[in-house]
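Work through the exercises below with the sequence and the structure at hand. Each task is followed by a worked solution.

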Amino acid sequence: MRPEVAGAIVDRLMSLGADDEACSLGLALWPSMPQALSPVRAKLASHLASLSPLQIRLAGFSTTEMLAADLGPAFGGAGRNAHISQAEFGGALTTLLKPDAEADVHIVLLDFDSLAARDWRLHPTALHSRLVEQADNLSSALSTFASRSTSPLLINSIPIPSAPTAGLLDSRHHSGLRHAVHLINARLFAASEKSGNIIAVDADRALVDIPSSRHHDPKLWFYGRIAYSADASRAIASAFAQTWALLTRGPAKVLALDFDNTLWGGTYGEDGIERLACGEDYPGNAFQAFQQECLRLKRQGFLLVALSKNDPDAITVFERHPGMILKPSDFAATAINWQSKPQNIRQIASELNLGLDSFIFIDDSPHEREAMRRLVPEVAVAELPTDPARRPNWIRELTRTWPIRLTDEDERRTEMYAAERQNRALKNSAASVEEYLRGLQQRLTVSHVAPEAVVRVAQMQQRTNQFNLTTRRLSDADIAAYLDHPERGLALLGRVADKFGDHGIAITATVSFEGSNAAIETFLMSCRVIGREVEKAFLGSLLLVLAQRGIARVTAQFISTKKNGMVRNFYRENGFSFIGGDDSASSWAFDLSTQSVPRSEFVAAILEA
């Protein structure tokens with residue numbers, strides 16, 4: 001959209017009295033067109049005040065005032081009213097060592113010259129040693145933050161420099177600036193990989209549309225120690241807000257894909273399989289490349305869903321056409337018929353037991369996209385480019401598809417849902433629930449959470465809503481604390497398998513100790529194994545582990561949310577006694593000295609804890 005067109009639309013909305021819509025559009029356009037906010041300046045403060053507040057603690061190694069000003073509209077565009085408190089000049093390390101307990105999110109602005117200024121009187125070896133020491137200090141401060149704060153930390157990487165300090169050797173010589181930047185960024189990314197509440201925001205990605213020579217403004221730096229130019233500051237602020245939104249909302253889980261002129265060129269019902277474009281020549285190679293991107297997202301944990309107005313045999317195109325990259329088995333669910341796509345997507349969401357807000361709808365037809373927006377507003381509708389050549393890179397830039405972390409379970413998610421479909425088929429054909437459960441041949445392996453499983457367990461803590469007794473959202477650091485201090489409590493997980501396949505880590509709980517008493521802090525399970533008595537077998541195993549540790553009494557809580565009503569009576573049904581509370585929250589107790597732990601005859605529990 002050209003700036004003058006954007007401004008005209010915002011002006012027109014204002015003249016119609018649609019102030020909030022004008023402000024929302026201005027904020028959305030602001031990262032690339034800051035002038036779009038000009039018509040709404042008088043109304044912007046009241047609009048932001050209507051949004052949910054967010055407490056941000058901002059620190060940097062250089063001046064942060066410009067970034068602080070940019071974070072307001074950036075987070076406003078993400079639907080939050082940013083209340084920003086700034087640390088003193090150069091106070092980044094202090095903030096990392098002593099996080100603000102009141103902050104919802106910490107943001108640290110990182111730049112090279114403030115963190116690791118070079119002293120060219122030093123020998124290259126000494127210069128490198130000093131750089132390593134500075135990188136170690138940053139790494140140590142990040143580790144301290146992870147151990148002392150549960151709020152997320154967003155910190156940018158250092159962008160690739162435009163001017164080298166070692167010429168052609170800049171990437172590999174000790175005196176090279178690019179070599180130094182790579183070293184610091186590697187420490188930053190390692191800290192992010194180790195701790196789930198440290199999120200490294202890739203500055204090169206944020207600044208991709210700005211030439212590297214314009215990342216910095218020499219006058220701003222020498223006059224006020226402002227590390228980034230106005231354009232770069234705005235882009236980095238937008239990247240921070242975008243990352244925070246993705247972190248709190250989570251990436252989408254499902255791509256709902258049209259067929260004709262989306263996954264291949266042409267119309268199956270009219271052109272026949274021979275004339276469909278998907279091969280080595282244009283435009284078929286562009287459709288092939290787009291299918292490769294869909295396959296990449298499947299490998300990163302996305303479910304692919306076929307949503308096509310076609311005859312049902314259109315699915316056979318993926319087997320019969322030699323140019324197809326995707327195969328029928330790559331789709332977790334299909335709705336290939338002549339019904340409305342909004343109706344079909346609701347049915348598929350129900351079958352997969354997923355919320356509609358976890359779907360991204362991709363269709364070449366603007367009419368189908370508009371129908372989906374109007375009739376199923378929860379679904380994210382992506383505006384597919386008309387030119388097939390632009391689509392592969394376009395889908396890479398869809399931020400809702402960007403993973404925050406990747407686990408083994410993410411890579412096997414489609415296979416897990418395929419096993420679940422087979423489970424449902426068995427259930428539908430069984431004469432009774434008991435026959436169905438026996439036929440599954442379920443195995444539950446219960447063990448302590450190991451360091452390599454912390455990321456997956458934290459991911460479950462953030463995502464699980466339905467079978468979640470308290471919906472307390474524990475971070476990587478929270479879970480790792482149970483591993484580091486086994487005298488205070490424990491974290492258990494359960495891996496589930498049946499005759500159809502391996503469901504991976506599907507259930508987990510954390511427990512705190514106080515003398516001979518224990519309290520179940522969290523207890524949650526993936527929707528993939530709901531209704532199969534896995535939860536009963538896991539609870540029994542958990543209680544056995546506690547009994548072996550000399551625990552006599554176990555307490556637990558149920559805290560009601562909009563989505564977890566299905567587990568309201570979980571503790572009652574498994575032998576716990578009601579202590580007190582009401583419909584919103586209740587407390588329960590189990591006496592290990594007098595009561596028998598629950599067991600399931602349909603789940604073979606293997607205790608490795």
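**Exercise 1: a helix pair**

H7 and H8 are roughly parallel to each other. The model is a predicted one.

Task: Show how the description of H7 and H8 as roughly parallel follows from the angle, and state which residues make the contact.

Solution:
1. Helix H7 covers residues 124-148 and helix H8 covers residues 177-194. They pack at an angle of about 20°, and their axes are 9 Å apart.
2. Angles under 35 degrees count as roughly parallel, so H7 and H8 fall into that class.
3. The crossing of the two helices, H7 and H8, is right-handed.
4. H7 contributes His128, Leu131, Val132, Ala135, Asp136, Leu138 and Leu142 to the contact. From H8 come His179, Ala180, Leu183, Ile184, Arg187, Leu188 and Ala191.
5. By type, the residues in the contact of H7 with H8 are ten nonpolar, two polar and two charged.

**Exercise 2: cysteines**

Task: State how many disulfides a search of the whole structure finds, and decide whether Cys23 and Cys294 are buried or exposed.

Solution:
1. The search of the whole structure returns zero disulfides.
2. For Cys294, the nearest cysteine sulfur is that of Cys278, 11 Å away. A disulfide needs sulfur atoms within 2.5 Å, and Cys294 is in no disulfide.
3. Buried means under 20% relative accessible area. Cys23, at 1% relative accessibility, therefore counts as buried, and so does Cys294, at 0%.

**Exercise 3: Arg234**

Task: Locate Arg234 and describe its surroundings.

Solution:
1. Arg234 lies in helix H11, residues 230-249.
2. Its relative accessible area is 12%, so Arg234 is buried.
3. Leaving out residues up to four places away in sequence, Arg234 touches Trp30, Pro31, Pro34 and Asp70.

How values were computed. Residues numbered from 1 in each chain as written. Predicted model: local features only at pLDDT ≥ 70, side-chain atom pairs only at ≥ 80, totals over all residues. Heavy atoms only, no water. Axes fitted to C-alpha atoms, helices over the stretch in contact; angles between N-to-C directions. Helix = DSSP H or I, 4+ residues; strand = E, 2+ residues; numbered from the N terminus. Parallel < 35°, antiparallel > 145°, perpendicular 65-115°, else oblique. Left-handed = near helix turned anticlockwise from the far one by under 90°. Contact = heavy atoms within 4.5 Å. Nonpolar A, V, L, I, M, F, W, Y, C, P; charged D, E, K, R; others polar. Buried < 20%, exposed > 50% of the residue type's maximum accessible area, 1.4 Å probe, protein only.
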